[in-house]
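I opened this notebook to record what I looked up, entry by entry. I took helix contacts and the ligand as my topics.

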Amino acid sequence: MSLARARLGEKVKDYRHGNFSDTPFEDQNPLGFIFLDLGISSAHFDYFERGFSFRFDQKLDMRMDVTRGISAAKVLAVSEEQELARIFFEYGEEKLSRRIAREIVARRKINPIETTSQLSEICEKIYPPKYKAKGHAQRHPATRVFQALRIYVNGELTALEAALAALPQQLCLGGRLAIITFHSLEDRLVKRAFRNLSQIEQNDPLARSNFLPGDFQQIEPGGIAPTDAEIAENPRARSARLRILERVR
Ligand SMILES: C[S@@+](CC[C@H](N)C(=O)[O-])C[C@H]1O[C@@H](n2cnc3c(N)ncnc32)[C@H](O)[C@@H]1O
């Protein structure tokens, strides 16, 4: 929040520190515009030294908010092998999740895995040389495991699901909920939630709850992708997708 305050200063009247799944601006209902820019910021990579990237040798913490939850190193230290494999597969779509989990469990008996370089080295060891031959060279073998651990440690998908359930009802007539996603797992959740809200059928559970058919529409249902110029200027935007839901009634 300090970075936001430093950048936006008095332009913003009300700064609140909290998880968007707790809907921190509920007392301001109804809202005209809600914008979620998901994931982690460049500052997390370049500034906070919490082990979000395998490019720098740092302590394996990966928490966006260090006042909550447990660190990634703690997860690697206490989780069962099967649970580690589930985390890597479910939140990173890592095909070698079982082998990497097995290696972590074997290594931690000798030395705790506490740094990004230790974890990255394990992933590199597990990935067979032919991996490079298959033309995946541009993706580092540790990419998916790091994404998976980060999503798990911060409960990112659970928070997003809670926000998708709560935020649409905070919109005023004509109000919009805009969300930028950065990977397929979160994009799938937003796409499905917005589609369901914009296609409510009479017999749909959502209709029985608090919305009626025609209450919402999607602006650009396919989502908005970054332009080539944007990607050239900010390569981190390449996987971004903007999705917008509007309350029309
Ligand atoms: C992609 S960055 C936002 C970058 C910002 N829009 C900018 O232009 O610098 C996402 C931010 O959202 C925060 N964040 C991610 N998940 C969150 C959640 N569930 N609740 C609150 N903040 C969250 C992260 O800590 C990070 O600072």
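**Entry 1: α4 and α8.** I began with the residues that meet here. In α4 they are Glu83, Arg86, Ile87, Phe88, Tyr91 and Gly92, and in α8 they are Arg144, Val145, Gln147, Ala148, Leu149, Ile151 and Tyr152. The model I am reading is predicted. Next I sorted the contact residues of α4 with α8 by class. I found eight nonpolar, two polar and three charged. Then I looked up the geometry. Helix α8 covers residues 143-154, and its axis and that of α4 come within 8 Å. They cross at roughly 100 degrees. Angles of 65 to 115 degrees count as roughly perpendicular, so α4 is roughly perpendicular to α8.

**Entry 2: α4 and α5.** I stayed with α4, residues 81-92, and turned to α5, residues 97-108. Their axes come within 8 Å and cross at roughly 135 degrees. That angle makes α4 oblique to α5. I noted the hand of this crossing as right-handed. From α4, the contact takes Glu81, Leu84, Ala85, Phe88 and Phe89. From α5, it takes Ser97, Arg98, Ile100, Ala101, Arg102, Ile104, Val105 and Arg108. I wrote down the classes for α4 with α5 as eight nonpolar, one polar and four charged. Phe88 of α4 is listed in the contact with α5, and Phe88 is also listed in the contact with α8.

**Entry 3: α9 and α10.** How do the axes of α9 and α10 cross? I looked up α9 at residues 156-166 and α10 at residues 184-198. The axes come within 10 Å, with a crossing of roughly 15 degrees. That makes α9 roughly parallel to α10. The crossing of α9 and α10 is right-handed. On the α9 side, I listed Glu156, Leu157, Leu160, Glu161 and Leu164. On the α10 side, I listed Leu185, Glu186, Leu189, Val190, Ala193 and Phe194. This contact of α9 with α10 has eight nonpolar and three charged residues, and no polar ones.

**Entry 4: the ligand.** Which residues surround the ligand? I listed Arg7, Gly18, Asn19, Phe20, Asp37, Leu38, Gly39, Ile40, Ser41, His44, Met64 and Ala159. A polar side-chain atom of Asp37 lies 2.7 Å from a ligand nitrogen. An N or O atom in the Asn19 side chain is 2.9 Å from a nitrogen atom of the ligand. For Arg7, an N or O atom of the side chain is 3.3 Å from an oxygen atom of the ligand.

Conventions:
Residues are numbered from 1 along each chain as its sequence is written. This is a predicted model: local features need pLDDT of at least 70, side-chain atom pairs count only at pLDDT 80 or more; totals for chains, interfaces and linings use all residues. Side-chain values use heavy atoms; hydrogens and water are left out. Axes are lines fitted to C-alpha atoms, for helices over the stretch in contact, and angles run from 0 to 180 degrees between N-to-C directions. Helices (H or I, at least four residues) and strands (E, at least two) are DSSP runs, numbered from the N terminus. Angles under 35 degrees count as roughly parallel, over 145 as roughly antiparallel, 65 to 115 as roughly perpendicular and the rest as oblique. A crossing is left-handed if the near helix is turned anticlockwise from the far one by less than a right angle, and right-handed if clockwise. Contact means heavy atoms within 4.5 Å. Ala, Val, Leu, Ile, Met, Phe, Trp, Tyr, Cys and Pro count as nonpolar, Asp, Glu, Lys and Arg as charged, and the others, Gly among them, as polar. A residue is near a molecule or strand if one of its heavy atoms lies within 4 Å of it. A polar contact is a pair of N or O atoms within 3.5 Å; within protein, one must be able to donate a hydrogen and the other to accept it, and residues adjacent in sequence count only if both atoms are side-chain atoms.
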